[in-house]
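User: I am new to this structure and would like to learn how its features are read. Could you please guide me through them step by step?

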Amino acid sequence: MREPTAEERAFRDEVTRFVEAEITPHVREWERDGHYPTELFTRFGSLGWTGIGIPEIRGGSGGGAIERCILFEELARASAGVALGIYVHAVLAGGALAIVASDELRDALLPGVLSGSTIGAWAYAEPNSGADVTRVQLSAKQRDDVFILDGTKLYITNGTIADLILVVARTSGSPGSLEGISVFAVDGDSAGLTRRSMDKLGMHPSELGELHFEEVVVPANRLVGQIDTGFRQCIPVLSQGRIFGATLALGIGRAALDAACTHVQAREQFGGPLTKQQAVRFTLADMTARLAASRTLVYDAADLLEAGKPYDTAASIAKLVASETGTWLAERAMHLHGAQGFMMESPVQRYYRDCKIIEYGEGANEVQREMILDAVIKGWRP
Ligand SMILES: Cc1cc2nc3c(=O)[nH]c(=O)nc-3n(C[C@H](O)[C@H](O)[C@H](O)COP(=O)(O)OP(=O)(O)OC[C@H]3O[C@@H](n4cnc5c(N)ncnc54)[C@H](O)[C@@H]3O)c2cc1C
């Protein structure tokens, strides 16, 4: 297993201290209320954590892929819903601005995202465009030096609270083609944009929105990347996102393992703690082994990204394995808790509800399997 450096250990300790002081005590309340603690965006901005992984020359705050993994893993250990909001804001919205936007647009918009004064969202999914990106229909028609956006986006994290939404839109061609799909940086308070909150099974503190665009006017200089190919240019942001999205599942899996360990040592049945039962011991051993394997895959993928080596297939494998392992760990933790784990007041049921979306968000796992196989057929091997 990968040995962390002294700096990485120190950073994990710093994040853990922050989480214990400023996140954990409020998680029950945020879960119950189902609203995002928006003050966290500026809090993370002031700590420099939204800028981790973004080159300093582009306004980032140093640190790289490993520090980003540590941050999201530790956040998700306490609340995957909180981690999801920051992840979409910093990794997807911030990443697209940092990596793809023109210098002028980046300089205008990225500082607000990095400081947290501008809350970001990434809006790709639509009623008819889910795992298949090429089905995007929301249209952006050019009229002189503006574009007019019409259509609907669904399931958008931070969608109802975002000041800036990176909207994936069709500028030419027809559904079924990746060409003709562009990306726009759209203000959340644009005239003609209406937003509705969506109820969901898990990730309760995160905000999820349905967005309707009716003749929303967006200046042409808000194009992120080139017209017709902007989405293609954003693919590296999404590939990198798989590694960091996978860390949410690692955090959930770790929390599930911790909860299970604590419970089976304390719970006495059949004349002693549950840890006396071999089946229970083996379950915990398997949980530990699978979590270790997932962590290795995720941090290995992050190491490749950091080293500037090809990481796409490693990112797909990490996302696939970590998400399914996280859900499995959460289910096993619930099982070991018996009836207690079925109670809403027990956190283990939350781990299960929260992890499920990681299996189909950020590219459904079936799509990851397709991409892994494509690479294998071309000769890629672990
Ligand atoms: C909590 C939450 C947060 C989200 N946040 C965002 C966000 O911030 N921005 C955003 O744009 N979207 C977001 N989404 C939506 C997410 O992008 C979609 O869920 C994802 O793209 C999959 O699309 P879909 O759910 O419509 O599933 P579909 O495309 O309808 O697929 C359904 C199922 O079909 C199967 N399937 C699909 N394709 C294949 C295939 N090729 N081979 C075999 N089986 C397949 C898979 O089992 C898949 O789970 C969020 C969703 C949720 C629930």
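**Reading exposure, helices, core and ligand shell**

Analyst: Glycine 192 is partly exposed, with 13 other C-beta atoms within 10 Å. Please note from the outset that this is a predicted model.

User: Where is glycine 192 placed, and which residues does glycine 192 touch?

Analyst: Glycine 192 sits in the loop between strand E5 (181–187) and E6. Leaving out residues up to four places away in sequence, glycine 192 touches Phe213, Glu214, Glu215 and Val216. As for asparagine 128, it is 64 residues from glycine 192 in sequence, and their C-alpha atoms are 21 Å apart in space.

User: Where is methionine 203 placed, and is methionine 203 buried or exposed?

Analyst: Methionine 203 lies in the loop between strand E6 (193–197) and strand E7 (208–219). Methionine 203 is buried, as 27 other C-beta atoms lie within 10 Å. Its phi, too, is near 50°, a positive value in a residue other than glycine.

User: How should I read a helix, and which residues of H1 are buried?

Analyst: An α-helix has 3.6 residues a turn, so residues three or four places apart point the same way. In this model, the buried residues of H1 are Phe11, Val15 and Val19. Seen down the axis of H1, these buried residues fall within an arc of 75°, so they line one face of the helix. They pack against helix H4 (65–78). The other side of H1 carries exposed residues: Ala6, Arg9, Ala10, Asp13, Arg17, Glu20 and Ala21.

User: What span should the 17 residues of helix H1 have?

Analyst: Helix H1 covers residues 6–22, and at 1.5 Å a residue it should span 24 Å. The C-alpha atoms at its ends are 24 Å apart, which agrees with that expectation.

User: Which residues touch the most other members of the largest nonpolar core?

Analyst: They are Ala96 and Phe184, in a core of 119 residues. Helix H7 (residues 230–266) gives the most to this core, with 17 residues. Setting aside residues up to four places away in sequence, alanine 96 touches Ala101, Trp122, Leu166, Val183, Val224, Cys234 and Val237.

User: Where is tryptophan 122 placed, and what is tryptophan 122 in contact with?

Analyst: Tryptophan 122 belongs to strand E1. It is buried, with 29 other C-beta atoms within 10 Å. Apart from neighbours within four places in sequence, tryptophan 122 is in contact with Val88, Leu92, Ala93, Ala96 and Leu166. Tryptophan 122 and valine 183 are 61 residues apart in sequence, while their C-alpha atoms are 9.7 Å apart in space.

User: Which residues come nearest to the ligand?

Analyst: Of the 20 residues around the ligand, Tyr124, Gly130, Ala131, Thr157 and Glu366 come nearest. The elements giving two or more residues to this shell are strand E1 (120–123), strand E3 (146–157), helix H10 (347–360) and helix H11 (365–377). By type, the shell divides into 14 nonpolar, three polar and three charged residues.

Technical notes:
Residues numbered from 1 in each chain as written. Predicted model: local features only at pLDDT ≥ 70, side-chain atom pairs only at ≥ 80, totals over all residues. Helix = DSSP H or I, 4+ residues; strand = E, 2+ residues; numbered from the N terminus. Expected span 1.5 Å × (residues − 1). Buried ≥ 20, exposed ≤ 12 C-beta atoms within 10 Å, placed from the backbone. Arc of directions from axis to C-beta. Contact = placed C-beta atoms within 7 Å. Core = buried A, V, L, I, M, F, W, Y, C linked by C-beta atoms within 7 Å. Near = placed C-beta within 6 Å. Nonpolar A, V, L, I, M, F, W, Y, C, P; charged D, E, K, R; others polar.
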